[in-house]
Amino acid sequence: MSLWMELERDGFEQLVWCRDRESDLTAFIAIHSTKCGPALGGCRLWPYANEEAAAQDAMRLARSMTYKAAAAELPYGGGKAVVIGQVGDAANAKRFEALGRFIDRLNGAYWTGVDVGTTATDMDFVALHTPFVTDTTGSLGGTGDWTADMTAYGVYVGIQVSARRVLGSRSLAGIAIAVQGLGKVGWALCRYLYRAGAQLIVTDLSASLMEQAVREFKALPVAVDRVYDAPCQIFAPCALGGIINEGTIDRLQCRIIAGSANNQLRDPSFALALKQQNILYAPDYVINAGGVIATAAELDGEGTFRTRSRVKRIGRTLESVYAEAERTNEATTLAADRFAELRM
Ligand code: NAD
């Protein structure tokens with residue numbers, strides 16, 4: 001299907017091709033929806049193979065931001081910017097400045113921020129040319145730890161709700177939880193789970209992070225490609241997307257999948273396959289909305305205490321999604337999509 005047909009089919013409002021020869025910037029800004037408010041969604045820096053791959057990624061991510069914001073009942077829509085390039089390239093400063101000029105022309109229809117590959121310093125360069133940017137140096141979001149911590153907190157609350165539903169357990173003490181990825185979110189999640197008494201199983205590409213997790217959380221380390229076989233009650237993907245696929249689904253030992261990674265299912269049809277395997281799947285954009293809730297709260301000038309209680313509401317949303325999926329006997333992702341669409 002052509003890019004244009006995809007834009008039409010998925011109801012996009014705008015796709016902006018940003019080309020600045022002077023800085024050699026090639027970027028795309030996808031605005032999926034501003035129906036509920038200005039489109040929020042960070043800026044990704046990635047060495048895409050070509051422009052089509054970059055545009056498609058921007059579109060996919062922007063659409064899921066619309067659903068994420070709507071499911072979290074935020075007065076914002078969904079958008080995303082992607083820049084084709086490499087982390088650490090000295091020319092990036094000029095490129096982010098140029099991106100700032102493109103964003104400014106959108107007059108606030110799209111707000112950018114940090115995402116994979118970008119930092120608060122990159123956002124400082126964007127901010128030289130537009131006010132429509134968050135996560136700059138000195139802001140709460142700019143520390144990275146705050147949004148990641150709120151994302152982890154939302155996942156933690158979601159895990160509690162899921163455990164209560166499937167395992168009938170009000171406490172996570174002694175529950176085996178496999179965490180894939182010990183980055184900003186995965187590490188913060190391990191801290192919450194460890195304090196709650198969970199038995200952690202961990203994996204990461206970094207051997208030193210694994211060693212640290214063994215020391216700090218008494219975690220059991222497993223090799224990167226063995227985490228799918230790990231005997232556990234809950235699997236928390238906090239690294240990459242697409243990890244539930246033909247090669248992994250039959251290996252899963254868990255009863256629940258609840259983690260922060262975006263687009264965990266390689267294809268939407270895996271949601272039904274998980275249901276048939278009797279595995280409860282927490283739809284990713286519902287359970288990982290803590291970061292965007294924190295960004296929205298910062299834009300609205302709310303304090304950190306209030307933000308935490310807003311993130312906690314992810315638990316109630318998940319309960320509604322699970323109840324609806326049970327009532328209609330369908331995959332949780334379909335119930336989540338309807339929940340979000342009703343609020344758009
Ligand atoms: P991060 O880059 O800080 O951490 C990712 C970690 O995953 C790294 O430690 C990396 O070594 C590890 N990893 C990569 N491939 C792996 C593999 N095959 N097996 C095991 N570990 C692997 O990223 P993050 O900010 O912690 O985000 C984690 C996930 O959550 C991403 O999918 C991200 O899109 C999603 N997410 C993050 C936020 C946020 O606030 N940071 C919000 C919503 C969603």
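Guide: Let's start with a term: a polar contact is a pair of N or O atoms within 3.5 Å; within protein, one must be able to donate a hydrogen and the other to accept it, and residues adjacent in sequence count only if both atoms are side-chain atoms. Here, a backbone N or O atom of Ala-239 sits 2.9 Å from an oxygen atom of the ligand. Keep in mind that this is a predicted model, where local features need pLDDT of at least 70, side-chain atom pairs count only at pLDDT 80 or more, and totals for chains, interfaces and linings use all residues. Residues are numbered from 1 along each chain as its sequence is written, and side-chain values use heavy atoms, with hydrogens and water left out.

Visitor: Which polar backbone atom is 2.8 Å from an oxygen atom of the ligand?

Guide: That one belongs to Val-185.

Visitor: How much of the ligand does the protein bury?

Guide: Areas like this come from the Shrake-Rupley method with a 1.4 Å probe. Alone, the ligand exposes 840 Å², and the protein buries 76% of that.

Visitor: How do I read the angle between packed helices?

Guide: Two packed helices are described by the angle between their axes and the distance between the axes. Axes are lines fitted to C-alpha atoms, for helices over the stretch in contact, and angles run from 0 to 180 degrees between N-to-C directions. Take H11 (residues 304–312) and H12 (residues 314–328): their angle is about 10°, and their axes are 4 Å apart. Angles under 35 degrees count as roughly parallel, so H11 and H12 are roughly parallel to each other.

Visitor: Which residues make the contact?

Guide: With contact meaning heavy atoms within 4.5 Å, H11 gives Arg-310, Val-311 and Lys-312, while H12 gives Ile-314, Gly-315 and Arg-316.

Notes. Helix = DSSP H or I, 4+ residues; strand = E, 2+ residues; numbered from the N terminus. Parallel < 35°, antiparallel > 145°, perpendicular 65-115°, else oblique.
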